[in-house]
Structures are given as structure tokens and as C-alpha cells.
Amino acid sequence: MNEAFRLDNPTLQRPERSRINLDGNWQFMVDPRPEPEVPTEEFYSPDKEFTGKIRIPGCWQAQTGMQAATSFLHNYRGIAFYKTYFAIPAGWRDRRTWLR
């Protein structure tokens, strides 16, 4: 058996990483421009309010209500924007952090 793949390999035994669960209700908006190519900076502004709400994890096709089959979102192919707010714990200061 290859020693690198043994379950008792100390490299594979590391403490659980700290996490923040970002599941929940997020702001959501499809790109209102008729033929968008690249998002502009206006969509990245913290002051930009998005008109819709969406539950994450989830897909917009499943969250368009009773008329999902006739909603333009059901078959939409294009750019969409998601936004939420969360706090980073003070204890994470000066630590390397990843957003996945």
C-alpha cells in the first residue's frame, strides 16, 4: 500500500477549519442591459441595491414563483449578480482567509 494514501497519514489529519456559513437570503439581479458583455463597476458598488432576493444555495429557475415555466428567468442565459453582507470575526485578523 502506498504510504501517502494511508488514512492514518498525519498530513491528512488536520484540525477543522473555521467557517462562516453564507447560506441564506441574498440580493439578486439579472443584468438589465440589453446585450451585456462585461459587468461594469456600477454593479460592484456597495451602494448598488439589487432589486430581487434569492435563497442561497439555490438556482433562480427554481425560485421564480408559481409562473416559473413562463418567467423569463426560467430560461435566462446571461449575467446575474448576487450580493450579501457578513462580518469577519475579530479573531481572524491577520489570518489567511479564503472565500469559497
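Predicted model: local features only at pLDDT ≥ 70, side-chain atom pairs only at ≥ 80, totals over all residues.
1. Strands β1 (residues 24-30) and β2 are paired in the antiparallel sense, with five bridges between them.

2. On its other pairing, β1 meets β3 in the antiparallel sense over four bridges. Here M29 has F81 of β3 as its bridge partner.

3. Taken together, the three strands form an open sheet in the order β2-β1-β3, with antiparallel pairing. Because β2 and β3 (80-83) stand at the edges and each has a single partner strand, one side of each is left without a neighbour in the sheet. From one strand to the next, the twist averages 40°. As background, the strands of a sheet pair through backbone hydrogen bonds, in either a parallel or an antiparallel way.

4. The side chains of β2 (residues 52-56) alternate along the strand. G52, I54 and I56 point to one face and are buried.

5. A nonpolar patch on the surface is formed by I20, F86, I88 and L99, with about 390 Å² of accessible area together. Of these residues, F86 lies in the segment after β3. F86 has a relative accessible area of 40%, so this residue counts as partly exposed, a class that runs between the 20% limit for buried and the 50% limit for exposed.

Definitions and conventions:
Residues numbered from 1 in each chain as written. Heavy atoms only, no water. Buried < 20%, exposed > 50% of the residue type's maximum accessible area, 1.4 Å probe, protein only. Helix = DSSP H or I, 4+ residues; strand = E, 2+ residues; numbered from the N terminus. Pairing = 2+ DSSP bridges. Axes fitted to C-alpha atoms, helices over the stretch in contact; angles between N-to-C directions. Patch = residues over 30% accessible without salt bridge, like charges linked within 9 Å, V, L, I, M, F, W, Y side chains within 5 Å. Areas by Shrake-Rupley, 256 points an atom, 1.4 Å probe, with all protein chains shown as cover. Salt bridge = Lys/Arg side-chain N within 4 Å of Asp/Glu carboxyl O.
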